[in-house]
Amino acid sequence: MKNIFELSNQDYVRFYSFNQDKIIWEAHCQWFTKAIHNPNILFYILETDTKECIGQIRLQCTEYSSWEISISLFQQFHNQHIVSRALKQIIEQHHSLNFLATVREDNISSIHLFEALNFQKTQTTTINNKNFYLYQYTIKNK
Ligand SMILES: CC(C)(COP(=O)(O)OP(=O)(O)OC[C@H]1O[C@@H](n2cnc3c(N)ncnc32)[C@H](O)[C@@H]1OP(=O)(O)O)[C@@H](O)C(=O)NCCC(=O)NCCS
């Protein structure tokens with residue numbers, strides 16, 4: 001729980017989030033406990049062979065039966081294709097599901113990541129005065 005708290009509060013993670021405020025520990029504990037017990041959330045913690053937490057991938061089922069992806073990785077593990085390999089496996093395991101991701105327009109690594117996995121950019125939306133792209137991955141993309 002503490003690793004995910006630290007990761008979620010990294011400046012670059014807050015920067016690309018909808019809400020850029022820092023997260024307080026008590027709110028994180030409540031959120032995390034609910035999230036890991038929520039059947040509408042698939043919560044993956046990425047670890048090294050020695051069980052060091054390096055990141056997280058979360059899928060939350062939306063009201064439209066698509067699974068919204070949220071990912072973050074500690075900075076020292078960036079640009080090694082760890083997330084793209086993990087996400088590819090998750091998509092293959094859940095091949096009958098539809099996925100979506102909302103990515104800030106200046107989030108270059110996430111845009112590369114989702115486009116390389118054949119997500120299609122379908123819409124632009126503004127959240128808290130920032131522009132985001134909506135990426136979708138449906139059975140048609142497969
Ligand atoms: C999103 C995030 C998990 C990606 O992690 P990552 O380890 O860099 O991802 P990968 O290495 O698997 O893929 C990143 C791709 O972006 C490319 N990339 C990264 N930085 C880049 C840059 N500045 N310019 C161009 N391409 C860039 C990489 O080369 C790679 O592309 P490739 O597969 O064609 O080589 C990480 O950046 C992160 O934690 N960001 C903060 C949280 C966030 O933005 N989450 C997304 C919201 S859903």
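**From a residue pair to the ligand shell**

Phe 99 stands opposite Tyr 137 in E6. The strand E6 covers residues 130-137 and pairs with E4 in the antiparallel sense over 6 bridges; two strands pair if DSSP finds at least two bridges between them. Helices (H or I, at least four residues) and strands (E, at least two) are DSSP runs, numbered from the N terminus. This is a predicted model, in which local features need pLDDT of at least 70 and side-chain atom pairs count only at pLDDT 80 or more, while totals for chains, interfaces and linings use all residues. Residues are numbered from 1 along each chain as its sequence is written.

An open sheet is formed by 6 strands in the order E1-E2-E3-E4-E6-E5, with mixed pairing. At its edges are strand E1 (41-47) and strand E5 (120-127), each pairing on one side only.

The shell around the ligand receives at least two residues from each of helix H2 (11-15), strand E3 (66-73), helix H4 (82-93), strand E4 (98-104) and helix H5 (108-116). H5 gives the largest share, 6 residues. Of the 24 residues around the ligand, Tyr 16, His 78, Ser 84, Ser 109 and His 112 come nearest; a residue is near a molecule if its C-beta atom, placed from the backbone, lies within 6 Å of it. By class, this shell has 13 nonpolar, 11 polar and no charged residues. Here Ala, Val, Leu, Ile, Met, Phe, Trp, Tyr, Cys and Pro count as nonpolar, Asp, Glu, Lys and Arg as charged, and the others, Gly among them, as polar.
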